[in-house]
Amino acid sequence: MEVLSFHYHLNIRFDSPIHDHQFTLRCCPVSDSRQRILQEQRFVFPRESLGESRDSFGNLCIYGYVTRPHSSFEADICGEAVTGLAEAVPVGNPYQENLFLYQTDLTRPNDEMVAFCRGIPFQVGERPLAQAQKIMEAVYRHMTYTQNVTDVNTSAAQAFTLGQGVCQDYAHIMISLLRLRGIKARYVVGMLMGEGLSHAWVEAEDNGLWYALDPTNFQMVADQHIKISHGRDYQDCRINQGLFYGPAHQQQEISVIVQRK
């Protein structure tokens with residue numbers, strides 16, 4: 001168990017002023033069986049109205065609206081979390097959880113991935129968690145962590161063929177292989193100890209519990225990870241979504257700092 005302080009910073013710059021900006025942010029961690037959020041502060045600028053709700057997956061969303069012209073948008077989420085409280089999280093609504101059995105455009109495997117999955121030495125009757133650990137190792141050994149060769153639209157099949165990518169790609173590939181094995185799997189966005197960007201990992205279902213695995217670092221998720229959101233793939237967990245008026249291009253920067261308290 002750890003007590004961690006966290007600071008999530010989002011900065012969006014527009015090359016010309018925009019207005020009537022509607023936004024939805026998914027960057028606030030919530031308490032569950034594995035972690036407890038002790039305190040949290042939220043700063044959003046500019047803002048005229050601000051509210052919160054849960055999406056269909058239970059992720060906390062901050063939403064708001066800015067009518068006046070602005071050329072930048074910032075959000076800071078700061079707080080403390082106790083992590084490593086449990087090994088797994090109980091499954092929620094079983095009907096909704098079945099969504100995590102089906103491939104999406106970002107996780108759909110190609111023939112190369114199907115053959116790769118068949119080559120992993122699974123045992124007859126092996127529990128899903130043990131299979132997930134073997135898949136995690138296989139993905140970790142197949143991939144080379146390389147920045148700037150993929151983007152948010154890169155599919156699992158494309159990254160697998162390339163053999164390179166970042167945490168999002170590792171997670172999508174692992175989810176794809178888990179679903180090939182008939183194991184429910186979901187994509188997770190969160191924060192990892194240290195300084196850098198947001199991180200992505202995987203949750204696999206076994207006997208009514210979600211177990212978290214980090215294929216990028218080849219480890220079970222323990223007390224150095226803070227979960228923010230989950231979904232079928234990256235698209236369900238987008239940190240920032242919005243609409244605005246104005247002929248502007250935007251540049252987004254994210255920085256994350258997680259430290260022991």
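Tutor: Gladly; what follows is a set of questions and answers on this predicted model.

Student: Let's begin with the whole chain. How many helices and strands does the protein have?

Tutor: The protein has five helices and 16 strands.

Student: How do you know whether the radius of gyration of the protein agrees with a compact globule?

Tutor: We set the value against the globule rule: with 261 residues, a compact globule would have a radius of gyration near 18 Å, and the protein has 19 Å, so the two agree. Along its principal axes, the C-alpha trace spans about 60 × 40 × 35 Å.

Student: Which contacts join residues at least 24 apart in sequence, as a percentage?

Tutor: Among contacts between residues at least 6 apart in sequence, 74% join residues at least 24 apart.

Student: Why is isoleucine 18 called buried?

Tutor: Buried means under 20% relative accessible area. Isoleucine 18 has 0%, so isoleucine 18 is buried. This residue is found in strand E1 (residues 2–25). Leaving aside neighbours within four places in sequence, the contacts of isoleucine 18 are Arg68, Pro69, His70, Phe244, Tyr245 and Ala248.

Student: Which residues of H3 are buried, and what covers them?

Tutor: The buried ones are Leu129, Ala130, Gln131, Ala132, Ile135, Met136, Ala138 and Val139. Their cover includes helix H2 (111–118), helix H5 (167–180) and strands E11 (199–206), E12 (209–214) and E13 (219–220).

Student: What makes H5 count as mostly covered, and how does its span compare with expectation?

Tutor: In H5, 13 of the 14 residues are buried. Those 14 residues should span 20 Å at 1.5 Å a residue, and the end C-alpha atoms are 20 Å apart, so H5 agrees with expectation. Just after H5, glycine 182 takes a positive phi of about 75 degrees.

Student: Which asparagines have a positive phi although they are not glycines?

Tutor: Asparagine 148 has a phi of about 70 degrees, and asparagine 207 has one of about 55 degrees. Asparagine 148 is in the loop between strand E7 (144–145) and helix H4 (156–162), while asparagine 207 is in the loop between E11 and E12.

Student: Are those asparagines buried or exposed?

Tutor: Exposed means over 50% relative accessible area. Asparagine 148 is at 77%, so asparagine 148 counts as exposed. Asparagine 207 has 72%, so asparagine 207 is exposed as well.

Student: One last point: what makes the bond between phenylalanine 45 and proline 46 stand out for a backbone check?

Tutor: The peptide bond joining phenylalanine 45 and proline 46 is cis, with an omega of about -5 degrees. Proline 46 is in the loop between strand E2 (35–45) and strand E3 (49–54).

How values were computed. Residues are numbered from 1 along each chain as its sequence is written. This is a predicted model: local features need pLDDT of at least 70, side-chain atom pairs count only at pLDDT 80 or more; totals for chains, interfaces and linings use all residues. Side-chain values use heavy atoms; hydrogens and water are left out. Buried means under 20% relative accessible area, exposed over 50%, partly exposed in between (1.4 Å probe, protein chains only). Helices (H or I, at least four residues) and strands (E, at least two) are DSSP runs, numbered from the N terminus. Contact means heavy atoms within 4.5 Å. The radius of gyration is taken over C-alpha atoms; the globule rule is 2.2 Å times the number of residues to the power 0.38. The expected span of a helix is 1.5 Å times one less than its number of residues.
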